Amino acid sequence: MKQILFTIVVLFTMFTCKNNSKTNEEITQTKTVKKYPSDVIPFMGKWQILLGDGSRSDSLVNFDKQAFFYVQNEDETDWVVYKTPNSGITSPNSSNTRTELGEKKRWVPETGGKLTGTLKVQHVSTTGDARVSSSYSVVVGQIHSDEGHENEPLKIFYKKFPGHKKGSVFWNYEINTEGDNSGRWDFSTAVWGYDFSVVGTSPETYPEEPKDGIALGEEFSYEVNVYQGVMYLTFTREGRQPKKFIKNLLKSDFSKKSDTPQQVLEASVSKGRDGVERKNAYAGEKQFFKQGAYNQANGKATKSKTYNGDIPKQYENGSYAEVWFKKATLGSGTLPNKE
């Protein structure tokens, strides 16, 4: 009888240990499974990327880059992080660093396309010149022309002045200049808070905090829908009514000097930005979307601190932009809902 009991105890112990071993192994495997941005937002195969250290990749499936482009889990939600310093290696035509996706496909406004994103801006540069519009800001979505002057019919910004709890979301339209492109300018439209034209009166004197602003870490979404040459923009935020805007990309609103908005007359004309747009705007020009973190702070125009380009030191001292996306889609333009 004792021998039988001993055998049962031994068998039970072996069975228990074996099951516990499997459980521990499964837990270890669960903890060590790595997630890539393409696991969170599966459209990555349609993009290439330029990162804040100047490196590039044309293949983003199962790709990440420590400290620039990676997955962060917060409260059981996975986010794709785009992070870039104030100073690094930039694209040939810009002084600003970016960790930003660039769409591989090209399309014309007549054909259209659609880009969506659900995101939160976690950080913008804490240094800059308050008189310069692009200080303390990051671009989180774009349409960029790939022909002609290679101007930008859309840039979606987030901006927050130091010391303010709330920042602003606005979008800019850059005219597709007739003739000499040195006269190009942006017209800005506020979504929440201020537009691009609201600046300080001295390098460290800021305007009042926006009343309808949006905080760092506060989630919002945008939809850019270009359908038959017209751009339909929709911005949503919890607890607020959606904000909607329409801009024709085939017919200019700014083809005569008299069409220049007052905002531009006050902010740009004195700097020699006094051009007019060609009558058919961006008609027939190849376009592509961009999404991520295009840092607008730099050591030249905005006089932001860059620590001689030392990226870890910039990250330690607030000289960077960081944007998190949890959802995004890319596809064809669609007939907008009529509400």
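The stops below each give a selection and what is there.

Before you start: this is a predicted model, where local features need pLDDT of at least 70, side-chain atom pairs count only at pLDDT 80 or more, and totals for chains, interfaces and linings use all residues. Residues are numbered from 1 along each chain as its sequence is written, and side-chain values use heavy atoms, with hydrogens and water left out.

**Aromatic pairs.** The whole structure holds 22 aromatic pairs. Rings of Phe, Tyr and Trp (its six-membered ring) pair if their centres lie within 6.5 Å; planes under 30 degrees apart are stacked, over 60 edge-to-face, the rest tilted. Select Phe69 and Tyr82: this pair is tilted, 5.4 Å centre to centre with 50° between the planes. Phe69 is in strand 3 (residues 69-74) and Tyr82 in strand 4 (residues 77-85), 13 residues apart. Strands (E, at least two residues) and helices (H or I, at least four) are DSSP runs, numbered from the N terminus. Are Phe69 and Tyr82 buried or exposed? Both are buried (under 20% relative accessible area; exposed is over 50%, partly exposed in between; 1.4 Å probe, protein chains only).

**Cluster.** Next, select Trp171, Trp192, Phe220, Phe235 and Phe245: they form one aromatic cluster.

**Charges over rings.** Show Arg98: its charged end sits over the ring of Tyr294, 3.8 Å from the centre. The criterion is NZ of Lys or CZ of Arg within 6 Å of the ring centre and within 35 degrees of the ring normal. Arg106 lies over the face of Phe288, 3.9 Å from the ring centre.

**Positive phi.** Select Ala67, in the loop between strand 2 (56-57) and strand 3. Its phi is near 75°.
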